[in-house]
Amino acid sequence: MGIIAWIIIGLLAGAIAKALMPGRDPGGVFITMLIGVAGGLLGGWLGKVIFHVHSINGFFHLSTWIAAIVGSLILLALYRVFTGRRA
């Protein structure tokens with residue numbers, strides 16, 4: 001997949017992860033995109049390491065989206081822990 005596809009998947013996976021996790025986030029759209037792109041990479045890597053499968057098959061494959069969303073959820077949770085809630 002090309003870099004444009006990763007950016008699109010990252011943006012959408014980050015937005016889905018924000019929708020699935022309740023509460024307010026300290027980041028904006030740019031942070032969401034970064035978390036989503038990094039989450040897609042993390043999800044693909046975890047799929048290879050833990051389940052010994054190639055989870056990043058293509059843009060329209062369900063495994064690609066699941067890996068990106070799960071990775072984004074993990075990174076979003078870590079981001080919330082480290083940044084905390086600032087008033």
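**Figure 1. Overall fold of the protein chain.** From the N terminus on, the elements of the protein chain follow the order α-α-α. The model shown is predicted. Its secondary structure comprises three helices and zero strands. The protein chain has 87 residues, of which 34% count as buried. Its accessible surface amounts to about 5500 Å², and carbon and sulfur atoms contribute 76% of this area. Among the contacts in the protein chain with a separation of 6 or more, 69% join residues 24 or more positions apart.

**Figure 2. Packing of helices α2 and α3.** Two packed helices are described by the angle between their axes and the distance between the axes. Helix α2 spans residues 29-51 and helix α3 spans residues 62-83. Their axes lie 6 Å apart, at an angle of about 120°. The crossing of the two helices is right-handed.

**Figure 3. Residues at the contact of α2 with α3.** On the α2 side, the contact includes Ile-31, Ile-35, Leu-42 and Leu-46, together with glycines such as Gly-36, Gly-39, Gly-40, Gly-43 and Gly-44. Among the residues that α3 brings to the contact are Ala-67, Ala-68, Gly-71, Ser-72, Ile-74 and Tyr-79. The residues of this contact comprise 11 nonpolar, seven polar and no charged.

Figure 4. Trp-45 is located in helix α2. Its relative accessibility is 51%, and because the cut-off for exposed is over 50%, Trp-45 counts as exposed. The C-alpha atoms of Trp-45 and Gly-71 are 9.2 Å apart in space, while the two residues are 26 residues apart in sequence.

Note on methods
Residues are numbered from 1 along each chain as its sequence is written. This is a predicted model: local features need pLDDT of at least 70, side-chain atom pairs count only at pLDDT 80 or more; totals for chains, interfaces and linings use all residues. Side-chain values use heavy atoms; hydrogens and water are left out. Axes are lines fitted to C-alpha atoms, for helices over the stretch in contact, and angles run from 0 to 180 degrees between N-to-C directions. Helices (H or I, at least four residues) and strands (E, at least two) are DSSP runs, numbered from the N terminus. A crossing is left-handed if the near helix is turned anticlockwise from the far one by less than a right angle, and right-handed if clockwise. Contact means heavy atoms within 4.5 Å. Ala, Val, Leu, Ile, Met, Phe, Trp, Tyr, Cys and Pro count as nonpolar, Asp, Glu, Lys and Arg as charged, and the others, Gly among them, as polar. Buried means under 20% relative accessible area, exposed over 50%, partly exposed in between (1.4 Å probe, protein chains only). Accessible areas come from the Shrake-Rupley method with a 1.4 Å probe; for residues, only the protein chains shown count as cover.
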